[in-house]
Amino acid sequence: MPCPELHSQASLGAGDVARVIDAIIERDGAGDPIVPLDVEQALRALPLELSEAGVGDEEALERLRRVALATPTTGGTRFVNQLFAGRERVATAAEMLTAVLNNSMYTYKAAGPQVLVERVVLERMLAKAGMTGGDGMFTPGGSLSNLAGMIIGRNEVVGDVREGGFDGRGRTVYVSAESHYSLTKNANMIGIGRTGVRPVEADTGGRMIPEALSAAIARDRAAGESPLMVVATSGTTVMGAFDPIDALADIAGREDLWLHVDGAFGGTALMHPEHRGLMAGIERADSLTWDAHKMMGVPLICSVVLTRKAGMTRKHFDESASYLFQQDFGGEHGWLNPGTRSLQCGRRNDALKLWAQWQALGDDGYAKRVERQMELARAAADLVRADGRMTLSFDPAWINVCFEVTGKSSAAICDDLNDSGVLKVGFGIVHGRRVIRLVTVDPALGEADVERMIRDIGEAGERAPAEDNAVDQAAVG
Ligand SMILES: Cc1ncc(COP(=O)(O)O)c(C=O)c1O
C-alpha cells in the first residue's frame with residue numbers, strides 16, 4: 001500500500017518553498033540591517049531538535065521557513081565577507097532544478113544529457129585556459145580540486161603510486177606564503193605530510209618570488225629531499241595576488257616538477273580579454289583549479305580541476321564497478337560515464353547552473369561581469385584613499401580592497417558591523433597587520449552600496465578600540 005505521508009511530493013514547488021524564497025529575496029532587496037542571532041538566541045528561538053514522532057509536512061515546512069529566514073544573507077548588499085556573494089537569477093533557477101531532477105552524474109544512463117552539459121562546460125573552460133584537448137572534472141570545491149590536481153601531479157611525477165602506494169617522506173611541495181590553507185591540508189592527504197610544504201616568500205604585492213622558489217628547491221635538493229610539485233596561486237585569498245605563472249613554469253620545467261595553479265578565486269580572470277594577462281603562461285601549467293561559485297556568481301558548489309594533458313582523470317581515478325557502469329562506453333565515448341574518472345560515486349550536477357548562466361551571459365557578459373567587479377574594487381579603493389581616517393594597504397590588482405581605519409582595531413570593527421547587522425566583512429593579514437578585506441565579488445552592487453559600506457566601516461572605526469592590528473605572522477601561520 002502506498003503511504004500518502006511518505007509520498008506527498010505532488011505539492012512540491014506549488015508554493016511551499018517558493019514563499020520562503022520570495023521572503024528571502026524581499027528581505028535581501030530591502031537592504032535593511034539584518035541583526036544575526038547569536039548561538040544562544042538561535043538555540044532558543046529555532047525549532048531545531050529532531051523527535052521520534054515526526055511533525056508532519058506542514059509543520060516541517062514551517063520550521064524550514066523559520067530556519068531559512070534566520071540564516072545570514074549572502075545575497076543582498078550587506079555581505080562582502082567571503083569570495084562568493086550575490087545571486088544570479090538563471091544560475092539559481094538551474095540549481096533549484098538540479099535538486100528537483102536529482103540525477104547522479106556517474107553514468108549516462110542515470111544522467112542523460114546532463115553528462116553532455118557537463119562536457120560542454122569543461123571543454124569551454126579548458127579552451128579559456130589554453131588547454132584545449134586536455135581533461136577535467138567537477139569536484140566538491142576548490143580545496144578538493146586542489147587535492148585532485150595534487151594527486152594527479154604526485155602520481156605523474158612519482159609513478160606507480162596508484163597501485164603501489166607511496167612513502168612521501170622527503171618529498172616537498174612549494175607554495176606561495178600567501179596560498180590557501182587547503183594546500184597544507186592536501187599535503188597531509190596525499191601522503192607528503194604538512195612538514196613537506198615549503199611556503200615560498202612573496203613580494204610586497206603578495207606574489208611568489210621565482211628566485212626564492214629556485215633557492216628553496218636547491219636548498220632541499222642539497223639536503224637530500226625530493227621536490228615534487230609547485231603550486232602557484234592565481235588570486236590569493238586575502239590580497240588577490242597572481243603568482244607569475246610563466247616564470248614558475250620555467251622553473252618547474254627545468255626541475256621536472258608538476259605545476260598546479262590554484263585559480264579557485266582568480267581563475268575567472270580568464271574570462272576577460274585583458275585581465276587574463278594576470279595568468280599569462282597558464283597554458284603551460286599541468287593542472288588548474290577554477291571555482292565558478294566565486295567570481296562567476298553561481299551558487300555553491302561549482303568547482304573544476306583541469307589538466308593540460310588528455311586522459312589524466314581516467315588514468316588516475318578510474319575504477320570499475322559491475323553494479324554501476326553497465327553500459328560500457330569505450331573509445332571516443334569513454335567520457336559518457338564520468339563516474340569512472342571522478343573523486344566521487346554519487347554526484348550532483350554542479351555544471352548545470354554554470355552552463356545555464358553562461359548561456360545567458362555568453363563570454364562577453366562574463367567579461368563585462370569581471371570588468372564590473374574590478375570597477376567596484378577601484379571605486380572602493382578610491383573612497384578609502386580619499387577618507388582621511390583610513391589607510392589603504394596596497395593598490396588592488398584584483399577585487400580585494402584591504403585597509404585599516406587608522407589606529408583602530410580591524411577585528412573589533414568587523415565584529416561591531418556583524419553584531420549590529422550592518423555589514424558582514426572580514427579581516428585578513430597583510431604585511432604583518434590585521435586589515436579589513438572588502439571583496440567586490442557581487443557585480444550587482446552599486447557605487448552607492450560601496451559608499452555606504454565605507455561610510456559604515458568609518459563610523460564603526462570611530463566607536464572601535466585602539467588598534468591591535470600588528471600580528472606575529474609566525475605565530476598565526
Ligand atoms: C585561493 C583559494 N584556493 C582555494 C580555496 C578553496 O575553495 P573552496 O572554498 O571552494 O574549497 C579558496 C577559498 O576561498 C581560495 O581563496
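The exercises below concern a predicted model and work through its ligand shell, domains, helix packing and backbone exceptions.

Residues are numbered from 1 along each chain as its sequence is written. Because the model is predicted, local features need pLDDT of at least 70 and side-chain atom pairs count only at pLDDT 80 or more, while totals for chains, interfaces and linings use all residues.

**Exercise 1. State how many residues surround the ligand and how they divide by class.**

Step 1. The shell then holds 15 residues. The closest are Gly141, Gly142, Ser143, His180 and Ala264.

Step 2. Sort by class: Ala, Val, Leu, Ile, Met, Phe, Trp, Tyr, Cys and Pro count as nonpolar, Asp, Glu, Lys and Arg as charged, and the others, Gly among them, as polar. The shell has three nonpolar, ten polar and two charged residues.

**Exercise 2. Describe the two domains and their contact.**

Step 1. Read the bounds, which come from an automatic or database domain assignment. Domain 1 covers 103–347 and domain 2 covers 358–476.

Step 2. Locate the centres: the C-alpha centres of domain 1 and domain 2 are 29 Å apart.

Step 3. Count contacts, where two residues are in contact if their C-beta atoms, placed from the backbone, lie within 7 Å. In domain 1, 18 residues touch 19 residues of domain 2. On the domain 1 side, nine are nonpolar, eight polar and one charged.

**Exercise 3. Determine how helix 4 and helix 13 are oriented and which residues join them.**

Step 1. Identify the elements: helices (H or I, at least four residues) and strands (E, at least two) are DSSP runs, numbered from the N terminus. Helix 4 spans residues 89–101 and helix 13 spans residues 351–386.

Step 2. The angle is about 150° and the axes are 8 Å apart.

Step 3. Apply the classes: angles under 35 degrees are roughly parallel, over 145 roughly antiparallel, 65 to 115 roughly perpendicular and the rest oblique. Helix 4 and helix 13 are therefore roughly antiparallel.

Step 4. List the contact. Helix 4 supplies Val90, Ala91, Ala94, Glu95 and Thr98, and helix 13 supplies Leu352, Lys353, Leu354, Ala356, Gln357 and Ala360. This contact has seven nonpolar, two polar and two charged residues.

**Exercise 4. Characterise the packing of helix 10 and helix 11.**

Step 1. The axes of helix 10 (residues 210–222) and helix 11 (residues 245–255) come within 9 Å and cross at roughly 20°. Helix 10 is therefore roughly parallel to helix 11.

Step 2. Pro210, Leu213, Ser214 and Ile217 of helix 10 meet Ala247, Leu248, Ile251 and Glu255 of helix 11. By class, six are nonpolar, one polar and one charged.

Notes
Near = placed C-beta within 6 Å. Axes fitted to C-alpha atoms, helices over the stretch in contact; angles between N-to-C directions.
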